[in-house]
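Please have a look at the sequence and the model, and then read on.

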Amino acid sequence: MALLRSRYKYKDFGLLILRLGIGWMFILHGWPKLTGGSETWVQIGSNMKLLGIDFMPVFWGFMAGFAEVVGGALIMLGFFYRIACALLVVTLFVAALRHMTAGEGFMGYSHALEAAILFFSLLFIGPGNYSLDKAIFPNKKDRRLY
């Protein structure tokens, strides 16, 4: 049965669909945080106290929105992909920790934890062939000798 063979000819196309969908959702999710202003940033950034970081909550709150919006766009483009994944892993880990410590239960923290696991996995998988990283920073084996 051809369907059960493990050739996965379309894995790069699948990664592209995943990158576009997840990236767009994180842009939409982070936009209110990024444009919320200093009151929103202080509220979000104060969650860093859970990690023992109690200074500059405005900066940390802004960075959470920035990581989601700009990170989502970079994920979509497949550009500086691993850096964007790493920023999103940290952001979502803090979000999951905040929901856990607030006593919201599994349903409260599961979305952030699932997304953190997703981006942590994508950090190792890479963006695939249909990405700017692949076009701009080819591997040695992909470079042509002129």
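## Starting from one leucine

In which helix does L92 lie? L92 lies in helix α4; helices (H or I, at least four residues) and strands (E, at least two) are DSSP runs, numbered from the N terminus. This is a predicted model, where local features need pLDDT of at least 70, side-chain atom pairs count only at pLDDT 80 or more, and totals for chains, interfaces and linings use all residues. Residues are numbered from 1 along each chain as its sequence is written, and side-chain values use heavy atoms, with hydrogens and water left out.

L92 has a relative accessible area of 4%, so it is buried; buried means under 20% relative accessible area, exposed over 50%, and partly exposed in between (1.4 Å probe, protein chains only). Leaving aside neighbours within four places in sequence, L92 is in contact with F26, A112, A115, A116 and F119, where contact means heavy atoms within 4.5 Å.

## The overall fold

The chain has six helices and zero strands, so its pattern along the sequence reads α-α-α-α-α-α. The C-alpha atoms fill a box of roughly 50 × 40 × 25 Å, taken along the principal axes.

Of the 146 residues in the chain, 29% are buried. Among contacts between residues at least 6 apart in sequence, 66% join residues at least 24 apart. The chain exposes about 9700 Å², and carbon and sulfur atoms supply 68% of that area; accessible areas come from the Shrake-Rupley method with a 1.4 Å probe, and for residues, only the protein chains shown count as cover.

## The nonpolar core

The largest nonpolar core has 15 residues, of which F26, I75, C85, L88, L92, F119 and L122 touch the most other members. A nonpolar core is a set of buried Ala, Val, Leu, Ile, Met, Phe, Trp, Tyr and Cys residues joined through side-chain atoms within 4.5 Å. The elements that give two or more residues to this core are α1 (11-34), α4 (81-101) and α5 (105-125), and α4 gives the most, with seven residues.

C85, one of those core members, touches I75, F119, L122 and L123, not counting residues up to four places away in sequence.

## Salt bridges, and a threonine beside one

How many salt bridges does a search of the whole structure find? The search finds two, a salt bridge being a side-chain nitrogen of Lys or Arg within 4 Å of a carboxyl oxygen of Asp or Glu. In one of them, the side chains of E68 and K33 meet at 2.9 Å, N to O. E68 lies in helix α3 (residues 57-77) and K33 in helix α1, so this pair ties together parts that are 35 residues apart in sequence. E68 counts as buried, at 2% relative accessibility. T91, in helix α4, touches E68 as well as A64 and A67, not counting residues up to four places away in sequence. T91 is buried too, with a relative accessible area of 14%.

E104 forms a salt bridge with R98, where the closest N and O atoms are 2.7 Å apart. E104 is partly exposed, with a relative accessible area of 35%, and R98 is partly exposed at 31%.

L77, F80, I83, L87, L132, I136 and F137 make a nonpolar surface patch of about 630 Å². Patches are made of residues with over 30% relative accessible area and no salt bridge: like charges are joined within 9 Å, nonpolar side chains (Val, Leu, Ile, Met, Phe, Trp, Tyr) within 5 Å. The elements that give two or more residues to the patch are α4 and α6 (132-136). L87 is found in helix α4 and is partly exposed, with a relative accessible area of 35%.

S131 is found in the loop between α5 and α6. Is S131 buried or exposed? At 8% relative accessibility, S131 counts as buried. S131 touches R19, L77 and G78, not counting residues up to four places away in sequence.

The side chain of S131 reaches the backbone oxygen of G128 at 3.0 Å and the backbone nitrogen of K134 at 3.2 Å. S131 and I75 are 56 residues apart in sequence and 9.1 Å apart in space, C-alpha to C-alpha.

Key: A polar contact is a pair of N or O atoms within 3.5 Å; within protein, one must be able to donate a hydrogen and the other to accept it, and residues adjacent in sequence count only if both atoms are side-chain atoms.
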